Amino acid sequence: SYGCPSAVLACQVYPGLFKAAVLHDPAIAPNTRASRGCPTPALYVLGDGYSNSRYLRKGIEQALRGSALGSTAYNLQGAEHGNFVDAPLWAPLW
């Protein structure tokens, strides 16, 4: 989601600090600084909602082209963003 562009920017600003990045459902808009890519090897993991968005897919494809050697993207078919959130760890139980 929107944490992914922030993670990519952190890798760009501090290239020696991170060994790799796992980017879950990256909301990377085309022609932005984040779409220039991740200088560390990155795994772009997309659920169907993000993979099916032509707009986001264009930004992700740009980012992947500019990312470090070994970077790749996978679409987890049938997965949606809400399947992999950390809310159960911090949200109150009703």
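Trainee: Leaving aside neighbours within four places in sequence, what is Leu23 in contact with?
Mentor: Leu23 is in contact, meaning heavy atoms within 4.5 Å, with Cys4, Ala7, Val8, Ala42, Leu43, Tyr44 and Val45. This is a predicted model, in which local features need pLDDT of at least 70 and side-chain atom pairs count only at pLDDT 80 or more, while totals for chains, interfaces and linings use all residues. Residues are numbered from 1 along each chain as its sequence is written, and side-chain values use heavy atoms, with hydrogens and water left out.

Trainee: How many residues has the largest nonpolar core?
Mentor: That core, a set of buried Ala, Val, Leu, Ile, Met, Phe, Trp, Tyr and Cys residues joined through side-chain atoms within 4.5 Å, has 16 residues, and Leu23 is among those with the most contacts inside it. Two or more residues each come from α1 (3–13), β1 (21–24), β2 (42–46) and α3 (54–66), where helices (H or I, at least four residues) and strands (E, at least two) are DSSP runs numbered from the N terminus.

Trainee: Changing topic, is Gln62 buried or exposed?
Mentor: Gln62 counts as buried because its relative accessibility is 15%, buried being under 20% relative accessible area, exposed over 50% and partly exposed in between, with a 1.4 Å probe and protein chains only.

Trainee: And which side chain does a polar contact join to that of Gln62?
Mentor: The side chain of Ser35, at 3.2 Å; a polar contact is a pair of N or O atoms within 3.5 Å, where within protein one must be able to donate a hydrogen and the other to accept it, and residues adjacent in sequence count only if both atoms are side-chain atoms.
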